[in-house]
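Let's take a walk through this one, from the overall fold down to a few side chains. Have the viewer ready and follow along.

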Amino acid sequence: MYKEPLLTKRRNTTSQIAIVGANVCSIESLDYEIVENELFKQDWRSRKKAQIFQYVVLKWALALLIGLGTGLVGFFNNIAVENIAGFKLLLTSDFMSKKKYFKAFAAYAGCNIGLAAAAAALCAFIAPAAAGSGIPEVKAYLNGIDAHSILAPSTLFVKIFGSILGVSAGFVVGKEGPMVHTGACIASLLGQGGSRKYHLTWSWLKYFKNDQDRRDLITCGAAAGVAAAFRAPVGGVLFALEEAASWWRSALLWRTFFTTAVVAIVLRTFIEYCWTGKCGLFGQGGLIMYDVSAATETYSGPDILAVLFLGVVGGIFGSLYNYLVDKVLRTYSIINEKGARFKILLVVTICILTTCCSFGLPWFSKCIPCPTDPAVTCSTESGNFKRFQCQSGYYNDLASLFLNTNDDAIRNLFSTSTRDEFRISSLFIFFAAIYCLGIITYGIAVPSGLFIPVILAGACYGRLVGRLFASISKLDTGLFALLGAASFLGGTMRMTVSLCVILLELTNDLLLLPLIMLVLLVSKTVADCFNKGVYDQIVKLKGLPYMEAHAEPYMKHLAARDVVSGPLVTFSGIEKVGNIMHALRTTGHNGFPVIDEPPFTDASELCGIVLRSHLLVLLKGKSFSRNQVHCGGEILRKYAALDFAKAGSGKGMKLEDLNIEEEEMEMYVDLHPITNASPYTVVETMSLAKAAILFRQLGLRHMCVVPKSQGVTSLSFCNSFVFPGSCILLHTHIDGHEVI
C-alpha cells in the first residue's frame, strides 16, 4: 500500500509571509526560460535547415499579420467613433440651431447614456478584464505575470467595441490605451500555437507553443497598438522599449519596427481612401493628427523660462493627478466588487455628470464674434468654432471644446495663429472640468485610456500659460498647448524618449524638439519627487506582482543564503510515481529540483529542475517501470518536444486529467529526459541585490542557490528564497515568480 512521504509536507504560509514581508498572490508566472532538457536538445538536433527557415519566416509573417490586424482595428475605431459621435453632435447642433434647447439636451444625454450603458454591459457581463486602459496589464504580462483573461478573445472583443462606445459616449477617455491592449490581444491570439478545437493544427504553428515567442509577439502587438492609436510608428517601438517590455534584444527591435511600419502603411492607405468622402464623417487629418508646423518657432531666454515653468507646474499637477486617480480607483473597486449592476450604475452616473458639464458649462460663456479672416468660417457642425446658443456671426468658445470629439478638442487647442480664440476664463473652466472628469472617469467599467484626458488637460493648461505669458514670450499659444500637454504627460506617465517622439510624430514639428525634451525632463524630475508613474501605481493597485528593474537598497546588505527557506520538495532522478502524485496534490509549485543520490552518483548531485506541466504529460503517458532503473531512451523514442509544449490561454493539462491506478503508485518513472539540466544557479554568498537583478534581467522563474563549499550536501542548501514583493516561493506563492 502506498504511503505518503513525511518530508514533503506543505509549509505554513503565514509564517513565511512574516519572514519575507511579501504579499501572497495567486497569480502565476510565465516560463520565459528555455527548458534545455534531453527532449529539447534532440528536437533541435533533428531539425533541418528548411524547418529552421520556416520558423524564422513564420515569425516575420506573424509580425506582418499583427501589423495588418492592429492597423485595421485602429482604422475601424476611428471611423466608428467619428461617425457615431458625429451623428450625436450633428443631432444636438440641429436642435440648438432651431432654439429647441431641451430637445437638444435630451438627444445629447440620451445618446450618451445609451452608449455608456452598452459599453458598461459589455465589460460587466462579458469581459471584466477589458475595463480600464490595459497598458498596466500588458506591462505586467511582459514582466512575466500570467494574469487571468487579460489577453483572452472575449477581452479583445469587448476592448474594441467597448472603447468605441465609451469614447463616443463623451467620456473624458481615450482609445489610445485600449489600442495597446487590443494590439497585444491580437498578437496573443495569433501566437496561441494552433487549436484543435478550431482545427488549426498546422505543424508550423506548434513552434510558438512557448511563453518566450508569445512574449515577443505581444511586444510587437503593444508597439503596433501605439502606432495605430497615435499614428506614430517610431513612437510605438520606443514605447514598447521604454515602458512596456521588461526584456529587449536587437532581433525583437527589427520585428517591432517592421510591425509598426505595416501599421503606418495600412492607416495611410485607408485614410487616403477616406479622402474621397466615402467614410462618412471621418476626418481627413492623414497620419499627422495635430499639425502645428505652420507656427513660427524662434525662442529666446524668456521663452525658456516659460517652458521651465510649464515643466515644474506640469510635474506637480501630474503627480497630483496620479495621487487622486489612485484614491478614486480604491473607492471604485469597493463599488465594482458588488456586482455587474453596480458597475453599470456607476458608469451611468459618471456619464450623466459628464453630460451635464459638457452641455451646461458652455451656457456660462459669452458669445464671441467670429474672426474676420475670410478663410475662417463659423460652423455649427464642425471645425474650431461652435455657435451653440449664439446668433449668426458669433461662436461659443467653451462649446467648441466640450461639444466636440476629444480629438477635435485637442486639435482646437493646438491650433496656431489663433491667440484670442479662447478666453482665459473659458480655459480655466475647461481645464478644471477636464482635470476632474478625467480623474473620476478612469476606473469605471468601460475601456478607457489615460493619454487623451492628460493631453486635453495639459494642452488647455499650456494654452492658458501662453496667454498669461504673452507679454514676455513670443511663442505661439498653440505651441504652448503642445508643451503643456508634454509636461502633463511627463508628470503622469513618467516616460521621456517615447513621449517625445510620439508628440513629434503627432504634430509634425521637429523644430520644437529641444523644448519638448526640456519640458519632459523637468516635469518627470519634479513628479518623481512625489510618487510613481500612473501605470506603476495601477499595477500595484491591481495586485499584479510586477518586478522592478532595480533592487531595493536593503538587498545590498543581505546574501542569498540569508533568505533561503526549507524544507524543500525535491525528486530523485528516478522517482516513485506515488511521491510525484503526492507532491503535485499537496503543492501548487511550478518547478521541482531533481537531485541524484547514491548509488546512481558518487555524491548528491543537482540534475536540474523539472516543470509541473512536464510531469503531468509524462504521468499521463504512463512510461513507468517496476524497478528503479534508467529508461530515458524509451521516453525519448516515445515523446517529442512538442508533446510538452505549453497550451495557449491556460488550457494545459491538469492533475484531474490523470488516471493513475493504485498499483502504478509503487512504480518508478525516469525524470532525466524532461529535466532542465542547465538551470540558472547562484552561489549562496551572492548578494541578494545582485541575485535579484540577475533574476529580473534574464526573465527567470526559477533560480537555484547552491552551497559555496563542495563538502556540503547540495540538498540541504538548494532551498527557496524570495525577492520580497517580486517573486513566489517554490513552497508558497508570493507575487508571481519562483526561486528555488
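This is a predicted model: local features need pLDDT of at least 70, side-chain atom pairs count only at pLDDT 80 or more; totals for chains, interfaces and linings use all residues.

Residues are numbered from 1 along each chain as its sequence is written, and side-chain values use heavy atoms, with hydrogens and water left out.

Start with the whole thing. The protein chain has 25 helices and 12 strands; these are DSSP runs numbered from the N terminus, with helices being H or I of at least four residues and strands E of at least two. Of its 740 residues, 57% count as buried, where buried means under 20% relative accessible area, exposed over 50%, and partly exposed in between (1.4 Å probe, protein chains only).

Next, find helix α17, residues 477–493. All told, 17 of its 17 residues are buried, so α17 is largely enclosed by the rest of the structure. Its end C-alpha atoms are 24 Å apart, which agrees with the 24 Å that 17 residues should span at 1.5 Å a residue; the expected span is 1.5 Å times one less than the number of residues. At the start of α17, a side-chain oxygen of aspartate 476 comes to within 2.7 Å of the backbone nitrogen of glycine 478. Just after the helix, arginine 494 has a positive phi of about 65 degrees.

What does arginine 463 touch, leaving aside its neighbours within four places in sequence? Its contacts include Thr477, Gly478, Phe480 and Ala481, along with Asn412, Leu413 and Glu421. Arginine 463 sits in helix α16 (residues 451–468), and at 0% relative accessibility it counts as buried. C-alpha to C-alpha, arginine 463 is 4.4 Å from alanine 481, though the two are 18 residues apart in sequence. The arginine 463 side chain also reaches the backbone oxygen of leucine 413 at 2.6 Å.

On to the rings. The structure holds 26 aromatic pairs; rings of Phe, Tyr and Trp (its six-membered ring) pair if their centres lie within 6.5 Å, with planes under 30 degrees apart counting as stacked, over 60 as edge-to-face and the rest as tilted. Phenylalanine 402 and phenylalanine 430 have ring centres 5.0 Å apart and planes at 70 degrees, so they are edge-to-face. This pair links distant parts of the chain, joining helix α13 (residues 397–402) to helix α15 (residues 424–441) across 28 residues. Both ends are tucked away: phenylalanine 402 is buried at 7%, and phenylalanine 430 is buried at 2%. Tyrosine 639 and phenylalanine 644, by contrast, are tilted, at 5.4 Å and 55 degrees. Elsewhere, ring pairs link Tyr101, Phe105, Tyr108, Phe359, Trp363 and Phe388 into a cluster.

How values were computed: Contact means heavy atoms within 4.5 Å. A polar contact is a pair of N or O atoms within 3.5 Å; within protein, one must be able to donate a hydrogen and the other to accept it, and residues adjacent in sequence count only if both atoms are side-chain atoms.
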